Amino acid sequence: MAKQRVVAVRSRFQTVLSVVICAMCLTASDRLGVLAILDPNDFLALQSIRKSLDDMPGSTFFGSWDFTADPCNFAGVLCDADRVIALNLGDPRAGSPGLTGRIDAAVGRLSSLAELTVVPGRVYGSLPQTLYQLKSLRFLAVSRNFISGEIPANLGLLRSLRTLDLSYNQLTGAIPRAVGTLPELSNLILCHNKLSGSVPPFVSESLTRLDLKHNDLSGTLGPLTLPASLQYLSLSWNQLGGPVDGALSRMDRLNYLDLSMNRFSGPIPARLFAFPITNLQLQRNWLEGPVEPASQVSIPTVDLSYNRLSGQISPMFSTVQNLYLNNNRFTGQVPGSFVDRLLAANIQTLYLQHNFLTGIEINPTADIPLSTSFCLQYNCMVPPVQTPCPLKAGKQKTRPTSQCSQWRG
């Protein structure tokens, strides 16, 4: 009987021991599976990317990049199953000093990558030509760094790309025409570079934001260059020319338009003032002729200064809160509706200096609201009220008579 109990106890001990050993084997196997879960190509690509970049002093972004652990737990790395689908290089928190170094060509081996960002830092060198291999890429943003060279033309092969942001770098050369053929593109931000050449035609019916300001672009905008889907358009600080009428003829969804600091010429189309925008910037171009909106302008800020606009000032502008018509060739009387809204403090800025205006019906003793900036000097009249003007207006109160006889009414 005692012998039977010993056998039973021994049997139960062996069973428990077998379960424990088996559990230990499963646990070890699971641990090996976790460490080996990432696709080998992606693992090697991340290693190469890490070797080509470093934290700037004060940055700790790469602190978690320990390749003896699971790379899917690294800062900025997002995986789906065994593949890297998002790579956000650098700490996006405000004030982070970012990264330095180059973007390694191995990034092109992350074949499932849908998102690639490099936050502001001192990353230099050119964009890898291998980016075209990322067929699933939808979001590419490498901004506020020191990227140089040309935009790779083969980015036009990224047919799923929706956002391309290469702003605030040192890119040169032309915008590849292939970029304009991207069918899903909705945001293109290339501002503050050194790009030259013309603006290519864009075919995407999803493009809502186009920001090319502060470059060296030239040429004209054809009627089919810009899609009707645009809501935000900024082309300022370039050398673009030609009429604006044809280029904007199809647009009725714009809520922001800045064409300033260019060489656009010809008249301003009246329909432009009916756009549902909050800010219209057309200053410092070669625009000419009369300006005649079809109805009261509801755009809060309109800047038409430093052009060659002429004729009388339309009373339709009296509803604009900030109106800059200075440094043009406007003639005649300032509309009475301007005076009414000016004295009622409904106009915040009214700059009419450096034109050929001949009069304004306002009482010299009228009190101009302190909240209003109003300037009339250097016209073909003595300003009936004295108001502070910007320094650029100069010190002369009236225009020389010899000039006024040339531009009278």
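Three disulfides turn up when the whole structure is searched, a disulfide being a pair of cysteine sulfur atoms within 2.5 Å. Keep in mind that this is a predicted model, in which local features need pLDDT of at least 70 and side-chain atom pairs count only at pLDDT 80 or more, while totals for chains, interfaces and linings use all residues. Residues are numbered from 1 along each chain as its sequence is written, and side-chain values use heavy atoms, with hydrogens and water left out.

Let's begin with Cys-72 and Cys-79, which are joined by a disulfide with an S to S distance of 2.1 Å. The torsion about their S-S bond is about -95°, so this disulfide is left-handed. Both Cys-72 and Cys-79 are buried; here buried means under 20% relative accessible area, exposed means over 50%, and partly exposed is in between, using a 1.4 Å probe and protein chains only.

Next come Cys-375 and Cys-389, whose sulfur atoms are 2.0 Å apart in a disulfide. With a torsion of about 105° about the S-S bond, this disulfide is right-handed. Cys-375 lies in strand β27 (residues 373-375) and Cys-389 in the loop between β27 and α4 (401-406), so the pair ties together parts that are 14 residues apart in sequence. Helices (H or I, at least four residues) and strands (E, at least two) are DSSP runs, numbered from the N terminus. Cys-375 is buried at a relative accessible area of 0%, whereas Cys-389 counts as partly exposed at 23%.

The remaining disulfide links Cys-380 and Cys-404, with sulfur atoms 2.1 Å apart. Its S-S torsion is about -100°, so it is left-handed. Cys-380 sits in the loop between β27 and α4 and Cys-404 in helix α4, so this pair ties together parts that are 24 residues apart in sequence. Cys-380 counts as buried at 18% relative accessibility, and Cys-404 is buried too, at 13%. If you number the bonded cysteines of the chain in sequence order, the pairing reads 1-2, 3-5, 4-6.

Now for a strand. Four of the five residues of β26 (residues 356-360) are buried, so this strand is largely enclosed by the rest of the structure. Strand β24 (residues 329-334) pairs with β26 in the parallel sense over four bridges; two strands pair if DSSP finds at least two bridges between them. Look for Val-334, which stands opposite Ile-360 in β26.

What about empty space? Rolling a probe the size of a water molecule over the atoms shows where it is left. The largest pocket has a volume of about 180 Å³. A pocket is an open set of points on a 1 Å grid over the protein atoms alone, where a 1.4 Å probe fits, with protein on both sides within 12 Å along at least five of seven lines; lining residues have an atom within 4 Å of a point. Grid points are joined across faces, edges and corners, and the volume is the space filled by probe spheres set on the points. Of the 14 lining residues, Arg-284, Ser-305, Tyr-306, Asn-326 and Tyr-351 lie nearest the centre of the largest pocket. The lining divides into six nonpolar, five polar and three charged residues.

Finally, UniProt, in an unreviewed entry, places the feature "domain: Leucine-rich repeat-containing N-terminal plant-type" at residues 40-80. Such annotations may be inferred rather than shown by experiment. Over residues 40-80 the chain is 32% helix and 17% strand, and the end C-alpha atoms are 14 Å apart.

Key. Ala, Val, Leu, Ile, Met, Phe, Trp, Tyr, Cys and Pro count as nonpolar, Asp, Glu, Lys and Arg as charged, and the others, Gly among them, as polar.
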